[in-house]
Amino acid sequence: MERITQDNFEKLYVDPIEQKQIDHFVCKEMGRQIHRYIKGMSGRKCIMEKFEEQLSKLTEPEKEEAIARYIDLNRKAISGLDFKIVLARAIANYCDTFDYMLEMVNNREKMDFYLKRIRSKYVQYHEVFEENGKFGIKDHHGDVLVSAQFDFLRTCYVYVDDLVTMPIIAQKNGKFGLILPDRKDTVVADFIYDDIHLRDEPPYFEAFIGRKKVRL
């Protein structure tokens, strides 16, 4: 009999129906955590409802991806969050008896497997990289989202959004503009500004040409 390890645990030991249901309840719990975060940061019911409305239109894999993207741009949303609590709540929702729940939470290999799975799904941070003195951005897989052709990049961390892709503040040839991290370096605001600042509410960007101020 093959020895169970973390590498083969999923193949040998995890019931696919159980895994699907745990993933489902974890996704609901992560959505609830983001809901609480938005409430704490904005205090506005309409913002929470907007977030919930956007999530409701997505399939479960899309929800997982959207929540991970939100966390990437709002990393304080999981500051202090204990993923063991998230998993325990998911297991409690899945199990139909208290004894079964205890059996699951006391199974170290299974808990370690699901905790690793949660982190891999929801903690997917991008990173800025440098190449030949210029800067670009890679996703958590190492794939290039923004090519290394800019003198400065600032990803936009906002407290609330409607799950749209936020532009990135970039500098090129001494001027600032906005681009999308869409693997195409799509320009959404031309490189004509002396500076661009981030705001906490729409419109999210405030740009300057000399003393002239515009919102983008």
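Predicted model: local features only at pLDDT ≥ 70, side-chain atom pairs only at ≥ 80, totals over all residues.
Colleague: What makes Glu29 buried rather than exposed?

Modeller: Glu29 has a relative accessible area of 8%. Buried means under 20%, exposed over 50%, and partly exposed in between, using a 1.4 Å probe and protein chains only. Residues are numbered from 1 along each chain as its sequence is written, and side-chain values use heavy atoms, leaving out hydrogens and water.

Colleague: Why is the contact between Glu29 and Arg89 called a salt bridge?

Modeller: The term asks for a side-chain nitrogen of Lys or Arg within 4 Å of a carboxyl oxygen of Asp or Glu. Here the N to O distance is 2.9 Å, so the pair qualifies. Glu29 lies in helix H2 (residues 16-42) and Arg89 in helix H5 (residues 83-94), so the bridge ties together parts that are 60 residues apart in sequence. Helices, by the way, are DSSP runs of H or I with at least four residues, strands are E runs of at least two, and both are numbered from the N terminus.

Colleague: What makes Lys57 and Glu53 a salt bridge?

Modeller: Their closest N and O atoms are 3.9 Å apart, which is within the limit, so this pair counts too. Lys57 is exposed at 56%, whereas Glu53 is partly exposed at 42%.

Colleague: Which parts of the chain does the salt bridge of Lys134 and Asp151 link?

Modeller: These side chains meet at 2.4 Å, N to O. Lys134 is in strand E2 (residues 134-138), and Asp151 is in the loop between strand E3 (144-150) and strand E4 (152-154), 17 residues apart. As for networks, salt bridges with shared partners join Glu29, Arg32 and Arg89 into one. The structure holds 13 salt bridges.

Colleague: What makes a space a cavity rather than a pocket?

Modeller: On a 1 Å grid over the protein atoms alone, a cavity is a set of points where a 1.4 Å probe fits but cannot get out. A pocket is an open set with protein on both sides within 12 Å along at least five of seven lines, and lining residues have an atom within 4 Å of a point. The structure has 1 cavity of 30 Å³ or more, and the largest cavity holds about 40 Å³. The largest pocket has a volume of about 540 Å³ and is lined by 22 residues.

Colleague: Which helix gives the most to the lining of the largest cavity?

Modeller: That is H7, with 5 residues. Among the residues lining this cavity are Tyr114, Arg117 and Ile118, and these are buried in H7.

Colleague: How do you know that the span of H7 is close to what is expected?

Modeller: The expected span is 1.5 Å times one less than the number of residues. H7 has 15 residues and reaches 21 Å from its first C-alpha to its last, close to the 21 Å expected.

Definitions and conventions: Points joined across faces, edges and corners; volume = space filled by probe spheres on them.
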